[in-house]
Amino acid sequence: MKISCHKKLALDSRKDAIVIPIYKNIPSLVGIAGREIDDELQKIISAAYFRFDDKELCSFYMELNKKLKKIYLLNLPKEPASGDVYRELGAKLAHTLSADKIGSFSLVALEDIYNEKKDYGYSTSFLEGVLFALYSFDSFKTKPQAQRLEDVEIITTQAKLKAYIDANSAEWLDTFKYVYTARDLVNTPPNVLNPAYFADFVAANCDPKLKVTIWNEEDINKEGLLLVAAVGNGSHNRPRFIKLSYIGEPKEPKNVAIVGKGVTFDSGGSNLKPSASMDTMKADMSGAAAAYAIMNLAAARELPINIHAYIPLVENIIGGNAMRPGDIIKSYSGKTVEVLNTDAEGRLILADALYMATKTSPEIIIDIATLTGAAIIALGDDCAAFFSNRKFLSKQLADISAKVGEAVWELPLFEAYADKIKSKNADLQNRSTLGRSGGTISAALFLREFVENYPWIHLDIAGPAYLERKHPVFGSNATGFGIRLLYQFIKTHYASKA
Ligand code: BES
Ligand code: MN
Ligand code: ZN
């Protein structure tokens, strides 16, 4: 995809199509569209048959500069609305243009339509919607890929908007490059994407500014990551552990840690999941894919910051050597854990990774994981649950969430449940004595045992990481949820101000 911005009239567009946002009683657009287009436009929208609220898009043809040009009218809300509205419109437009086999288009800037001179969030959100919608996963289809929309030109009268788009488009494109890669990883079937495959992929596809360390099973055991080893034990596809480091500020000791859950398939293990619950369990490495994406994005954008990522990779499956309910395992931190449910495997591998993350004394540890079905019961799949052991972090994350359009809702680290994960036979147990009720909270309380009271955010993306229905912006299947959210969060609050 190519994004450009020019100060010119829509009339002078050389792209396949022109998109003009409108709303009811919109004043003349002659200053941005040009006389010929504006005349035609006024004729159409003042016609008795024209309805503004029928649908978001309609189109017509015009002869411009001796060529037939397709013009799309995009129905905007008259009053400026939230970013989600523009992301949805952008996605809808991209779907329509793709279906119409349009390869390039000029878009009259929403800021020109709204006469907005300062806040350029409209164009940002709209383009994000376009970029989300252009993703498709066809690596396993034998038919060749459909033709792609690959060129958008924003048309504006404002030099400052042009400067803004020119300054930011590379970051948008990098962001979506890694959002797409993460979505590809998550969508890749589990017979292909196992721990070794993921690790090999990362080794071969990382920004050269990242330091990549990959541990195999032997290293994992030697290091004492015995919870990771235990979860990985049921499968012929042996576990891996990836550490990625990005040192963007070598003279600065401050650093941020990210941990991503990498279960390449979660059958539940001996506590086997019911059939329907297994359908989407190839996506149980969405947190790992997000961590990989965030690290590469930080490196690609050369953020002035130091970040370490810890990615445990296992397949949780039944096997002769698989862990059993009742097993007691010594974690990397030294705390012992009784495994009462082999399907609560995510918190086990995260426990070791989180404890390892404390070793660099980070300013913050952030983990991202498809951790509990209970998060979906609580919040549905449009919204991730999050927890933090610091109040100020909750507010900061919620603010970025609203800005990027990835919804989160805070749940409490409720002390009354803290003793529900204490075991009779070991220090901790991996299932709450309350069973499934409050399951997202007890999982978070379990993780808290391993962060040594460092500032910490836990993001449970079990719902939004992978969608079986179609979301108007994120589409269906892997969404890449959390990448933009955490990248912007880290960039905003932890990167040094240059
Ligand atoms: N990977 C699942 C959580 C999940 C469920 C993610 C649905 C996405 C969609 C996790 O490993 C799991 O199985 N959790 C159990 C925990 C329980 C056994 C304490 C759950 O949520 O049921
Ligand atoms: Mn599980
Ligand atoms: Zn899982």
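Helices here are DSSP runs of H or I with at least four residues, strands are runs of E with at least two, and both are numbered from the N terminus.

Good morning. What you see above is a predicted model. I will start with the metals. Then come the spaces, and then a few single residues.

So, the manganese ion, ligand 2. Which residues hold the manganese ion (ligand 2)? They are Asp266, Asp343 and Glu345. Asp266 uses OD, and Glu345 uses OE. Asp343 gives both its O and its OD. The distances run from 2.0 to 2.2 Å. Look at the spacing along the chain, which reads D-x76-D-x1-E.

What about the geometry of the manganese site? There are 6 donor atoms around the manganese ion (ligand 2), and the angles among them go from 73 to 169 degrees. The site is classed as irregular. Here is the cut-off behind that: six donors count as octahedral if opposite donors are over 155 degrees apart and all others lie between 65 and 115, and anything else is irregular.

Next, the zinc ion, ligand 3. Lys261 coordinates it through NZ, Asp266 and Asp284 through OD, and Glu345 through OE. These distances run from 2.0 to 2.4 Å. Along the chain, the zinc donors are spaced K-x4-D-x17-D-x60-E.

Is the zinc ion (ligand 3) site octahedral or irregular? Octahedral, because the angles subtended by its 6 donor atoms are 78 to 174 degrees. For reference, ideal angles for six octahedral donors are 90 or 180 degrees.

How far apart are the zinc ion (ligand 3) and the manganese ion (ligand 2)? They are 3.2 Å apart, and Asp266 coordinates both. In other words, Asp266 is a bridge between the two ions.

Now put that bridge on the chain. Asp266 sits in strand 10, residues 262-266, while Glu345 sits in the loop between strand 13 (336-338) and helix 12 (346-357), so this pair ties together parts that are 79 residues apart in sequence.

Back to the zinc donors, with their K-x4-D-x17-D-x60-E spacing. Lys261 lies in the loop between strand 9 (256-260) and strand 10, so with Glu345, in the loop between strand 13 and helix 12, it ties together parts 84 residues apart in sequence.

Asp266 is at 3%, so it counts as buried. Lys261 is buried too, at 2%. Glu345 is at 0%, and is also buried.

On to the spaces. Rolling a probe the size of a water molecule over the atoms shows where empty space is left.

How much space lies in the largest pocket? About 1000 Å³. Its lining has 38 residues, and those nearest its centre are Lys273, Thr372, Gly373, Ala374 and Arg436. By class, the pocket lining splits into 12 nonpolar, 14 polar and 12 charged residues.

Which elements build that lining? At least two residues each come from helix 10 (275-278), helix 12, helix 13 (373-379), helix 15 (439-448) and strand 19 (466-471). Helix 13 gives the most, with 4 residues. Notice helix 12 in that list. The loop holding Glu345 runs up to helix 12.

The structure also has 1 cavity of 30 Å³ or more. The largest cavity has a volume of about 60 Å³. Among the residues lining it are Ala182, Val186, Ser286, Ala289 and Phe481. Helix 6 (159-187) and helix 11 (286-300) each supply at least two lining residues. Helix 11 gives the most, with 3. The cavity lining has 9 nonpolar residues, 3 polar ones and no charged ones.

Now the single residues. Tyr86 lies in helix 3, residues 83-99. Tyr86 is buried, at 1% relative accessibility.

Leu64 is in strand 3, residues 57-64. It is buried, with 3% relative accessible area. Its C-alpha is 65 Å from that of Phe414, which is 350 residues away along the chain.

Last, the cysteines. A disulfide is a covalent bond between the sulfur atoms of two cysteines. How many does the structure hold? It holds 0. Cys5 is buried, at 1%, whereas Cys58 is partly exposed, at 25%.

How values were computed: Residues numbered from 1 in each chain as written. Chains lettered and ligands numbered in written order. Predicted model: local features only at pLDDT ≥ 70, side-chain atom pairs only at ≥ 80, totals over all residues. Heavy atoms only, no water. Donors = N, O, S within 2.8 Å, 3.2 Å for Na, K, Ca; no water. Tetrahedral: all angles 85-135°; square planar, octahedral: opposite > 155°, others 65-115°. Buried < 20%, exposed > 50% of the residue type's maximum accessible area, 1.4 Å probe, protein only. 1 Å grid on protein atoms, 1.4 Å probe; cavity = no way out; pocket = protein on both sides within 12 Å on 5 of 7 lines; lining within 4 Å. Points joined across faces, edges and corners; volume = space filled by probe spheres on them. Nonpolar A, V, L, I, M, F, W, Y, C, P; charged D, E, K, R; others polar. Disulfide = S-S within 2.5 Å.
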